[in-house]
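Welcome! Take a moment to look over the sequence and the model, then read on for a short tour.

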Amino acid sequence: RFAVMKDTLAPRASLENDVSKVIKTAKPQFTWNITEYASGLDKNSVKAVLDGKEYDVMLSSDGSVAKFNPTINSGEHEISLKVSDNAGNRASLEAARFSAVVALTVEDVNVYTNPARNYSKIRFKVTGNQINADDIKVKIYDVAGHLVADNGNIDMRGAKANIFEARWDLRNRKGSKVANGTYIAKIEVRDPIDWSKKAKFTIKIAVLK
């Protein structure tokens, strides 16, 4: 005699982070411990849910630990984990609410092409509150300290995940092409909630036409 037992129990998962404390980093790591005893974990089903959007996670080889490293802004957030087993049972995990106060920074700054011949693009990421292009000033100076270009003739574009791009066509504020040489680009970001808070970054651009 034998019996076939149907798997009706969903996997269990528990968040290890203490979300009662304010998060003060823009790139926190969330960790869940996962338990599945019966039909086995459906690894493709494991997704982090941050503020209503699903994201892939880093899963340990045995499927017992899930890690998620998002980039967040200051404010109130919700996070949870979706997980199912191979029998189709899905865990229903209550979302955990947490607060974040993230320092305003400019990071991951890259210039291309460099040296520039026809144009130069400055791509960078901003952490902090919800930042838009209006909160960012880009000014370009020559080595003598003269202002060459600013937001009036620099094309500022925003992208996903607080990544921005400033495109300079190598012209000065009068519309004339600049001479070959080294130029200094200064990025300044203003916190839209607290204008007294600013983040700055300086990078060099070489022009060789």
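## Strands and ground rules

The protein has zero helices and 17 strands, where helices (H or I, at least four residues) and strands (E, at least two) are DSSP runs numbered from the N terminus.

This is a predicted model, in which local features need pLDDT of at least 70, side-chain atom pairs count only at pLDDT 80 or more, and totals for chains, interfaces and linings use all residues. Residues are numbered from 1 along each chain as its sequence is written, and side-chain values use heavy atoms, with hydrogens and water left out.

## Overall shape

The C-alpha atoms fill a box of roughly 90 × 35 × 20 Å along the principal axes. The radius of gyration is 24 Å, while a compact globule of 209 residues would have one near 17 Å; this radius is taken over C-alpha atoms, and the globule rule is 2.2 Å times the number of residues to the power 0.38.

## Inside the protein

Of the 209 residues, 38% are buried (under 20% relative accessible area, with exposed over 50% and partly exposed in between; 1.4 Å probe, protein chains only).

The largest nonpolar core holds 29 residues, and Ile122, Phe124, Ile136, Trp168 and Ile187 have the most contacts inside it. Such a core is a set of buried Ala, Val, Leu, Ile, Met, Phe, Trp, Tyr and Cys residues joined through side-chain atoms within 4.5 Å. Strands that each supply at least two of its residues include β11 (120–127) and β16 (181–190). Another core, of 22 residues, lies apart from it, with Phe68 and Val83 among them.

## A look at Phe124

Beyond its neighbours within four places in sequence, Phe124 is in contact with residues including Val106, Ile136, Met156 and Ile187; contact means heavy atoms within 4.5 Å.
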